[in-house]
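Subject: Structure for you, with notes

Hello,

Here is the structure you were expecting. My notes follow it.

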Amino acid sequence: MTAQRMAAVDAQFYWMSAKIPGDQFLLYAFDGEPADYEAAVEQVCRRANACPELTTRVRERGWLAYPQWVPATVTPERVIRHDLDDQTWAGCLAAVVALADNPLDARRAPWRLHFFTPVRGIPGVTGSGSVAVMQVAHALADGARASAMAAWLFGRPAPVPAVRRLRSGFLPWRAAQAARAHRKLQRDTRAGLLNPGPGTRPLLPTNARPGPVRSVRTLVRRRGELRGPTVTVGVLSAVSTALADLLGDVADTLGAEVPMAKPGVAYANNHFGNIAVGLYPKLGPDARAERIAAELANGRRRFAHPATRYADRAFAGVPAPLLRWGIAQFDADTRPTQVSGNTVVSSVHRGAADLGFGGARVVLTAGYPALSPVMGLTHGVHGVGDTIAISVHAAESAVPDIDAYVRLLDAAL
């Protein structure tokens, strides 16, 4: 590949990571140990080096310019093997949490692969298995794109989709187009063609600033065991029940942020937005699922409105110094009085169970969305084949007893 200018939205993630670490951690569990670990690592590196989207790193170009993606060869040092003191599934998850203490430097490597073996007690595995965790800088990929990258590394033949690069353009003209499209969005909303978004809501204990003690847990279900019209709606409804039981009456205003892929052509590595939905803990299960599904559908329709596309094009034209200045003004210590969600539920289906590592086949995949200064509890919902992993990432400052919460969520599911 040749050097390519980083898209504005990806640069925003890259520069913001200095204030709020945002690496993604994609977990894949396999039903055995590699027969030849070194050969398995070599195979991963060969596949990585055959993929332009994986053979890249960041090159800075000073304050006045956006960074570039430049070619970089993948070597076996990109794959790190960890020896677990506690070789249980729980011990492995504790080690996964600790990986966040060593964030990526995208100028050297915007992704790396961690490997844990043997691991005993993996759900669905008799005997010992293996766990691989792909750590990805958010500037390189959103959740769906990172999943495609991991799938390529683990043997899926489908290539990682290429991103079409959008020229920076003339910002005043693009801003004028975005303003016109936004006024049309407002008119369409007033006319009832679109519903307004649910708005903001009060902070809850789950919005507490994350402290140093953080934990992850994962529940596993078959697709047919989950109620609801979709997996995402079913899990959101269960999260509503579990959080209402945990928090009590203060949960009446409960809502969640749901990352969702945007429609249309992707002009950046990150091609998604957050849809805010109410969780309606006081409604019965059927009525609640109906309301949640309707708000997700409305969010998708709003994403499909031309206003979203023109707003993204205007943002892509922001000069690098202006975007850098704006990010520099961000104060992570400032506490808002209202938020768009009290938790995050990130849902990605990672395709068929056709992945492998060193002769072992995949049995489940999971993910643990990052915490932020006003988000101390997040959820991941990830499927491979017919297996769905529902994961919880919590700071003790927000959820003092994560196991008690997971028991509530287990019962609600």
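Is Leu64 buried or exposed? Leu64 counts as exposed, because its relative accessibility is 69% and the cut-off for exposed is over 50%. Please keep in mind that this is a predicted model.

Surface patch

Leu64 sits in the loop that runs between β3 (56-59) and β4 (68-71). Together with Trp63, Leu322 and Trp325, Leu64 makes a nonpolar surface patch of about 510 Å².

Salt bridges

The count of salt bridges comes to ten.

Glu60 and Arg324 meet through their side chains in a salt bridge, at 3.1 Å from N to O. This pair links distant parts of the chain, 264 residues apart: Glu60 is in the loop between β3 and β4, and Arg324 is in helix α9 (residues 320-328). Glu60 counts as partly exposed because its relative accessibility is 34%, whereas Arg324, at 14%, counts as buried.

Asp410 forms a salt bridge with Arg221, and the closest N and O atoms are 2.4 Å apart. Here too the pair links distant parts of the chain, with Asp410 in helix α10 (residues 402-412) and Arg221 in strand β9, 189 residues apart. Asp410 has 33% relative accessibility and so counts as partly exposed. Arg221 has 15% and therefore counts as buried, the limit for buried being under 20%.

Arg107 is partly exposed at 44% relative accessibility, and Asp105 is partly exposed with a relative accessible area of 27%.

As background, side chains of opposite charge can pair when their charged atoms come close.

Second largest pocket

The second largest pocket holds about 550 Å³ of space. It is lined by 27 residues, and those closest to its centre are Pro21, Ala100, Arg214, Leu371 and His393. Sorted by class, the lining has 18 nonpolar residues, five polar and four charged.

Which elements each supply at least two residues of this lining? They are α3 (89-98) and β9 (214-222). The largest share, three residues, comes from α3. Strand β9 also holds Arg221, the salt-bridge partner of Asp410 described above.

Regards

Note on methods
Residues are numbered from 1 along each chain as its sequence is written. This is a predicted model: local features need pLDDT of at least 70, side-chain atom pairs count only at pLDDT 80 or more; totals for chains, interfaces and linings use all residues. Side-chain values use heavy atoms; hydrogens and water are left out. Patches are made of residues with over 30% relative accessible area and no salt bridge: like charges are joined within 9 Å, nonpolar side chains (Val, Leu, Ile, Met, Phe, Trp, Tyr) within 5 Å. Accessible areas come from the Shrake-Rupley method with a 1.4 Å probe; for residues, only the protein chains shown count as cover. A salt bridge is a side-chain nitrogen of Lys or Arg within 4 Å of a carboxyl oxygen of Asp or Glu. Helices (H or I, at least four residues) and strands (E, at least two) are DSSP runs, numbered from the N terminus. Buried means under 20% relative accessible area, exposed over 50%, partly exposed in between (1.4 Å probe, protein chains only). On a 1 Å grid over the protein atoms alone, a cavity is a set of points where a 1.4 Å probe fits but cannot get out, and a pocket is an open set with protein on both sides within 12 Å along at least five of seven lines; lining residues have an atom within 4 Å of a point. Grid points are joined across faces, edges and corners, and a volume is the space filled by probe spheres set on the points. Ala, Val, Leu, Ile, Met, Phe, Trp, Tyr, Cys and Pro count as nonpolar, Asp, Glu, Lys and Arg as charged, and the others, Gly among them, as polar.
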